[in-house]
Amino acid sequence: CQEQVRQGETLVLSLIGYYSTGRLWLQKKEKYVEVLKPGSRMLGYVDCLEPASGEKMLMRWLKTMEMAAIQRQVQMKVLEGLRTAVKNCLEGCESVYYDIQQDGLVATLADEHSRPVHLLSDGQRTILAMAADIAYRAAVLNPHLGDRARLKTPGIVLIDEIDLHLHPSWQRKIVKSLSTSFPEIQFIVTTHSPT
């Protein structure tokens with residue numbers, strides 16, 4: 001597959017992901033990926049099976065996409081796909097965007113108040129980060145699919161304790177929300193929730 005991608009073929013790459021119970025608190029140390037060039041589709045596989053969060057890499061990509069959209073004065077389709085995935089999975093989310101001035105992710109919830117993501121509840125942050133990371137990886141692996149990358153990218157995602165930090169009503173909806181947002185991805189999850 002890597003050789004076909006190097007040759008410029010528009011091969012659809014499968015997504016692989018693992019989200020551990022420490023996904024909200026464990027942060028990966030930033031490391032320089034010298035083997036891969038910026039813009040390489042293979043960046044979608046970097047640390048995809050690590051138990052710690054790859055939030056820094058996601059945030060760097062979001063910031064780059066937001067700045068590119070402003071510079072080119074166009075909507076970035078892959079960024080719109082990510083936003084749609086987050087809105088589908090995060091109950092009450094009206095919009096999500098990278099605020100350049102605040103240098104961070106901001107969400108607008110149903111109460112119409114925009115707030116930095118770090119001020120959301122643990123459950124909201126967990127779902128937002130997971131949905132955004134899956135959409136980001138789909139977009140990086142398959143940029144030729146544009147805003148449909150999240151819909152057309154196949155793969156397998158493992159989630160340990162999917163109900164972690166979630167309100168009981170969310171626990172009943174999250175699997176369906178993820179499956180709707182990423183219909184070609186098989187989710188394998190564990191839970192202690194009876195619902």
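A crossing of two helices is called left-handed if the near helix is turned anticlockwise from the far one by less than a right angle, and right-handed if clockwise. By that rule, helix H2 and helix H3 cross left-handed. What you're looking at is a predicted model, where local features need pLDDT of at least 70, side-chain atom pairs count only at pLDDT 80 or more, and totals for chains, interfaces and linings use all residues. Residues are numbered from 1 along each chain as its sequence is written, and side-chain values use heavy atoms, with hydrogens and water left out.

- For strands to pair, DSSP has to find at least two bridges between them; S2 (residues 93-99) and S3 have 6 and run antiparallel.
- Along that pairing, Cys-93 is opposite Leu-109 in S3, and Tyr-97 is opposite Val-106 in S3.
- How enclosed is S3 (residues 104-109)? All 6 of its 6 residues are buried, so the rest of the structure largely encloses it; buried means under 20% relative accessible area, exposed is over 50%, and partly exposed lies in between (1.4 Å probe, protein chains only).

**The hairpin turns**

- S2 and S3 form a hairpin with 4 residues between them, and Asp-103 in the turn has a positive phi of about 55°.
- The hairpin of S3 and S4 also has 4 residues between the strands, and there Glu-112 takes a positive phi near 65°.

- Two packed helices are described by the angle between their axes and the distance between the axes.
- Here, axes are lines fitted to C-alpha atoms, for helices over the stretch in contact, and angles run from 0 to 180 degrees between N-to-C directions.
- H2 (residues 55-72) and H3 (residues 77-89) have axes that come within 10 Å and cross at roughly 125°.
- That makes H2 oblique to H3; angles under 35 degrees count as roughly parallel, over 145 as roughly antiparallel, 65 to 115 as roughly perpendicular, and the rest as oblique.
- The H2 side of the contact is Leu-58, Trp-61, Leu-62, Met-65 and Glu-66, and the H3 side is Val-78, Leu-79, Leu-82 and Arg-83; contact means heavy atoms within 4.5 Å.
- The axes of H3 and H4 (residues 122-141) come within 9 Å and cross at roughly 150°, so the two helices are roughly antiparallel, and their crossing is right-handed.
- Ala-85, Asn-88 and Cys-89 of H3 meet Ile-174, Ser-177, Leu-178 and Ser-181 of H6.

**Aromatic pairs**

- Searching the whole structure turns up 2 aromatic pairs.
- One of them is Phe-182 with Phe-187, whose ring centres are 6.4 Å apart and whose planes are at 55°, so this pair is tilted.
- For reference, rings of Phe, Tyr and Trp (its six-membered ring) pair if their centres lie within 6.5 Å; planes under 30 degrees apart are stacked, over 60 edge-to-face, and the rest tilted.
- Phe-182 and Phe-187 are both buried.

**Around Lys-152**

- Lys-152 is in helix H5 (residues 149-152).
- Is Lys-152 buried, exposed or partly exposed? Its relative accessibility is 45%, so Lys-152 counts as partly exposed.
- Leaving out residues up to four places away in sequence, Lys-152 touches Val-12, Leu-145 and Glu-184.
- Lys-152 and Ile-185 are 33 residues apart along the chain, and their C-alpha atoms are separated by 8.8 Å.
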